[in-house]
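Here are some notes on the salt bridges in this model. Please read them with the structure open.

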Amino acid sequence: MTEPLDASVSPRFAQVATFGRLPLQRDLGNAAAVFLGIPWDDATSYRSGAREGPSAIRTASRLVRPYNMFADVYPFRVLDLVDYGDIDPVPGYTEDTFQRIQGGLEPLFRASVVPFVAGGDHSITLPILRAYRAARSEGVSLLHFDAHFDTWESYWGTKRYTHGTWVKRAYEEGLIRKGGVFQVGIRSSLYSREDVTANGAVVDRTFTTEDVDSEGYKPLMDRILRSVADSPVYVSVDIDVLDPAYAPGTGTPESGGLTSREMIHFVRELHRANLVGFDLVEVAPQYDHTGQVTALAASNLLYEGMCALARRRKPKAKG
Ligand code: MN
Ligand code: MN
């Protein structure tokens with residue numbers, strides 16, 4: 001059973017920062033889930049900087065505590081969580097980096113370990129989904145929180161593997177299930193009306209921020225979770241789904257986003273899903289004028305994801 005460092009013995013600002021002050025461990029042991037960093041940002045289309053995401057999230061997560069009263073769970077204990085370290089990218093080389101990511105994730109999926117990944121730019125989700133299919137011979141339902149579609153064909157006429165094209169590639173490669181692809185929080189301006197049509201060919205249902213306002217998080221998640229049923233669900237959270245007021249530290253901010261509280265409520269509903277993987281991407285702390293609010297939201301969202309999984313898995317209380 002893994003435990004974070006005891007804050008009554010070792011102050012939260014002491015020792016090397018790991019996620020939630022968990023042990024840093026490359027040996028999976030009995031882990032049912034791991035935290036993992038992928039510090040890569042060479043596939044961005046605007047402002048890079050998400051290579052600093054994992055370390056900023058680890059530092060902000062020093063404040064995460066071992067018990068969650070909403071889920072009534074001790075997630076680290078239930079899941080035997082460890083900080084699995086980072087996957088080393090190859091700066092400047094997308095294909096090599098994707099191979100390393102896929103190679104790093106495959107053993108986890110083969111062992112049915114649920115990765116909680118801190119990016120990195122959003123391109124990292126594609127090799128993670130490739131790893132899942134390679135390990136488990138099936139695709140996933142995808143629950144994608146983002147301000148942006150990420151279903152574009154390419155950038156600058158040539159670049160097909162970027163943070164804005166990964167959903168399209170995942171669809172083409174058969175990594176995501178027909179009927180099981182959902183987007184939430186979409187609101188960015190587009191290049192043309194055709195973008196909406198092209199996105200609709202890839203994604204089964206897109207819930208914009210206006211839909212979130214009119215439906216509310218619970219009915220909206222009810223609809224999504226009914227559709228995905230017991231299929232394996234992969235959740236990908238682009239931190240720019242939050243309003244820049246709550247997450248200024250990101251490469252392509254868009255006004256009018258979700259609050260961090262709304263997003264936490266969405267993630268808490270995931271205890272009803274067959275969650276097989278979760279990533280939180282696009283945290284670029286350099287642009288965060290507060291220093292830490294973006295990484296704090298990211299660490300809280302990753303923690304809530306872990307709690308949702310642990311809530312589903314914990315032994316039922318007696319009585
Ligand atoms: Mn985005
Ligand atoms: Mn994205």
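1. Begin with D41 and R51, which form a salt bridge in this predicted model. Their closest N and O atoms are 2.8 Å apart. Both residues sit in the loop between β1 (33-38) and α1 (53-60), and 10 residues separate them.

2. R51 is partly exposed, at 40% relative accessibility.

3. A salt bridge also joins the side chains of R58 and D83, with an N to O distance of 2.7 Å. R58 belongs to helix α1 and D83 to strand β2 (residues 82-86), so this pair ties together parts of the chain 25 residues apart in sequence. R58 and D83 are both buried.

4. R272 and D222 make a further salt bridge, at 2.9 Å from N to O. This pair links distant parts of the chain: R272 is in the loop between α9 (260-268) and β8 (274-281), D222 is in helix α8 (residues 217-228), and the two are 50 residues apart. R272 is partly exposed at 33% relative accessibility. D222 is also partly exposed, with a relative accessible area of 27%.

5. Some residues take part in a network. Salt bridges with shared partners connect E153, R160, K168, R169 and E172 into one such network.

6. For the overall count, the structure contains 20 salt bridges. As background, side chains of opposite charge can pair when their charged atoms come close.

Notes: Residues are numbered from 1 along each chain as its sequence is written. Chains are lettered from A and ligands numbered from 1 in the order in which they are written. This is a predicted model: local features need pLDDT of at least 70, side-chain atom pairs count only at pLDDT 80 or more; totals for chains, interfaces and linings use all residues. Side-chain values use heavy atoms; hydrogens and water are left out. A salt bridge is a side-chain nitrogen of Lys or Arg within 4 Å of a carboxyl oxygen of Asp or Glu. Helices (H or I, at least four residues) and strands (E, at least two) are DSSP runs, numbered from the N terminus. Buried means under 20% relative accessible area, exposed over 50%, partly exposed in between (1.4 Å probe, protein chains only).
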